[in-house]
Amino acid sequence: MQITINNLIKRYDEAEKPAVDDISLHIESGEFFFLLGPSGCGKTTLLRLIAGLIHPTSGSIAFDGEDVTEREVDQRGAAMVFQGYALWPHMTVQENVEFGPRMRGADKSERHRIASEQLQRVEMDTFADRKPNQLSGGQQQRVALARALAAGTRCLLFDEPLSNLDARLRLHMRDELKALVDATGVTGIYVTHDQKEALSMADRIAVINDGRIAQLGTPTEVYRNPQSRFVADFLGEANFLDGDLDSGSEVVTTPAGNVPVASELTGRVTCCVRPESVRVEAGNSPGGLAATVVSTVYLGDSRQTVCRLETPDAIEWRVTELPGAGEALAPGTPVSLTFSAGDVAVLDQ
Ligand code: ADP
Ligand code: MG
């Protein structure tokens with residue numbers, strides 16, 4: 001199912017600014033789409049608007065081209081899953097999944113067929129005769145998914161479904177959930193404030209800030225080509241350096257040296273480089289930024305070196321190196337920081 005959202009605004013309180021502030025976007029059928037942003041930015045509100053649990057102040061929502069803005073939650077074919085998903089404890093797995101088709105008036109053999117098909121899809125068909133309390137949490141989630149699909153859900157909505165799990169289980173469930181949603185073939189919309197979750201699972205991400213879309217793109221696009229400091233910071237660690245870019249020039253002139261870039265922008269700009277894209281070498285290599293080592297931290301799977309650039313405001317940059325990168329550099333060592341133009345996101349100021 002395709003979802004088209006036009007100029008959607010949700011204002012809970014006349015006196016406050018809207019929780020969702022003029023959002024427009026198009027989600028393709030079968031896409032696993034993420035809403036990523038800090039707490040309070042309006043993610044849950046947007047998801048609830050799509051579900052039909054609340055209604056917008058203005059704007060519209062269409063499913064497969066059909067306006068559903070005024071439709072109630074049970075007439076939309078979009079369902080929140082894994083939240084209050086409690087399966088009926090007195091019913092078997094099969095009966096739980098047959099419930100939706102039964103409500104629609106499907107006869108015995110028809111609802112059996114639909115339920116079996118959906119249970120196979122989530123690989124729970126061999127558990128059809130169990131009661132929910134005989135299943136693990138993950139298995140119950142699979143059944144909840146099958147139940148939603150059997151009930152005719154064409155869009156699955158997830159609101160931070162993994163946030164209560166411990167770190168190890170959360171990592172495992174990321175893979176499992178992604179595989180599951182991909183296997184169903186339906187459209188999925190997933191809300192999270194965890195950038196790693198979004199980067200690792202999403203087809204596309206809308207980064208939300210203050211009720212608006214700050215940037216929309218694939219995980220690689222938003223991570224490697226942030227268009228604002230907010231997006232650069234929110235998606236991971238980022239180093240910044242201001243400078244000037246002349247028209248047609250392939251370098252940004254900064255107090256710490258020239259930064260190689262490939263950008264159409266001109267004038268005052270901010271260069272943004274991820275810590276893992278920077279190489280640090282002792283001495284002054286031509287074309288590198290001059291800096292001094294401040295500290296190094298061993299992190300097991302990597303090493304982080306903090307360097308102070310030779311700029312009037314002594315900006316600090318972080319460099320992440322993989323194991324085997326050689327000896328750590330002592331604090332005070334003069335170094336040169338190098339990276340390629342393709343690793344620099346140029347932000348307008
Ligand atoms: P997120 O899910 O990104 O943390 P929410 O959509 O829950 O953000 O909230 C966005 C803003 O709307 C916040 O300022 C929040 O306080 C406000 N808000 C959310 N729900 C309600 C509500 N039912 N009534 C009034 N204000 C609300
Ligand atoms: Mg929320």
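A polar contact is taken here as a pair of N or O atoms within 3.5 Å, where, within protein, one must be able to donate a hydrogen and the other to accept it, and residues adjacent in sequence count only if both atoms are side-chain atoms. The structure is a predicted model, in which local features need pLDDT of at least 70 and side-chain atom pairs count only at pLDDT 80 or more, while totals for chains, interfaces and linings use all residues. Residues are numbered from 1 along each chain as its sequence is written, chains are lettered from A and ligands numbered from 1 in the order in which they are written, and side-chain values use heavy atoms, with hydrogens and water left out.

A polar side-chain atom of Tyr12 lies 3.5 Å from a nitrogen atom of ligand 1, whereas backbone N or O atoms approach oxygen atoms of the ligand at 3.2 Å from Cys41 and at 3.1 Å from Gly42. Of the 560 Å² of accessible area that ligand 1 has on its own, the protein covers 52% (Shrake-Rupley method, 1.4 Å probe). The residues around the ligand, each with a heavy atom within 4 Å of it, include Ala19, Pro38, Lys43 and Thr44. This shell divides into 4 nonpolar, 5 polar and 1 charged, with Ala, Val, Leu, Ile, Met, Phe, Trp, Tyr, Cys and Pro counted as nonpolar, Asp, Glu, Lys and Arg as charged, and the others, Gly among them, as polar.

The protein chain is divided into domain 1 (3-224) and domain 2 (238-348), with bounds from an automatic or database domain assignment, and 40 Å separate their centres, taken over C-alpha atoms. Of its 13 lining residues, Lys196, Tyr223, Gly236, Glu237 and Glu276 are the closest to its centre. The lining draws at least three residues from each of domain 1 and domain 2, and it divides into 5 nonpolar, 5 polar and 3 charged.

Conventions. 1 Å grid on protein atoms, 1.4 Å probe; cavity = no way out; pocket = protein on both sides within 12 Å on 5 of 7 lines; lining within 4 Å.
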